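Let's work through a few exercises on charged side chains that pair up. Have a look at the model first, then try each task before reading its solution.

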Amino acid sequence: MPVKKKTSLYRDYFKPVFDFCLAASALVLLSPILLIIAFLVRWKLGSPVLFSQERPGLGGRPFVIHKFRTMTKAADRRGRLLPDAERLPPLGRFLRAASLDELPELWNVVRGNMSLVGPRPLLIKYLELYTPEQFRRHEVKPRLTGWSQVKGRNLLSWEERFNLDVWYVDNQSPWLDLKIMALTLIAVLKREGINHPGEATMPEFKGKTGEPEV
């Protein structure tokens, strides 16, 4: 599914430089915290410390995202993984609530796979389920935080989230990005929208008529 992309001075030239400089600086400054979290994850959850998975990026092209692992590998007698709620220990809940599990994504930003602000990188299998309008969320790089993140996060339905993603694509600006980053700090402190009602994380997206992932 092709992506129609218009040239943008801010998005295509200034924002990548800003993303790289800020993400690289954050990695250096936060390195002690990253090491402490890595130790705790290894101690409480075992290895691997990082959760790595292929996700669709700009234009739907795949890349490998890196996050701190928050779930155990607990499985039933048949070897099938237990539901998310049963595999999410206190440490994992804390890391998700404080968004600390997403800090390794700063490396994705440095590498140019992601941006600091944009739509959330979802699952590869969702690509074939999007409507043409929903697929427009891939006209920009995926992000650490975004408009849907500060407007409800996992409390939103899939339709609401995708509408906000496309709105961001059409209204992206340096001022909007600064606003989103400021609102993200507030949302993290308040720990709002961490879980979808009745779910440990988010229900799976099943297409236009399905209910809201990850």
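## Exercise 1: a buried pair

Lys15 and Asp177 are both buried (under 20% relative accessible area with a 1.4 Å probe, protein chains only; over 50% would be exposed, and in between partly exposed). This is a predicted model, where local features need pLDDT of at least 70, side-chain atom pairs count only at pLDDT 80 or more, and totals for chains, interfaces and linings use all residues. Residues are numbered from 1 along each chain as its sequence is written, and side-chain values use heavy atoms, with hydrogens and water left out.

Task: work out how Lys15 and Asp177 are linked.

Step 1. They form a salt bridge, with the closest N and O atoms 3.2 Å apart (the cut-off: a side-chain nitrogen of Lys or Arg within 4 Å of a carboxyl oxygen of Asp or Glu).

Step 2. Now place them: Lys15 sits in helix H1 (residues 9–29) and Asp177 in helix H9 (residues 174–190), so distant parts of the chain, 162 residues apart, get linked (helices are DSSP runs of H or I, at least four residues; strands are E runs, at least two; both are numbered from the N terminus).

## Exercise 2: a strand and a loop

Task: find what Lys67 pairs with, and where.

Step 1. Lys67 meets Asp101 in a salt bridge, 3.9 Å from N to O.

Step 2. Lys67 is in strand E2 (residues 62–68) and Asp101 in the loop between helix H4 (90–97) and helix H5 (105–111), so parts 34 residues apart in sequence are tied together.

## Exercise 3: the total

Task: how many salt bridges does the structure hold?

Solution. Count them up and you get 11.
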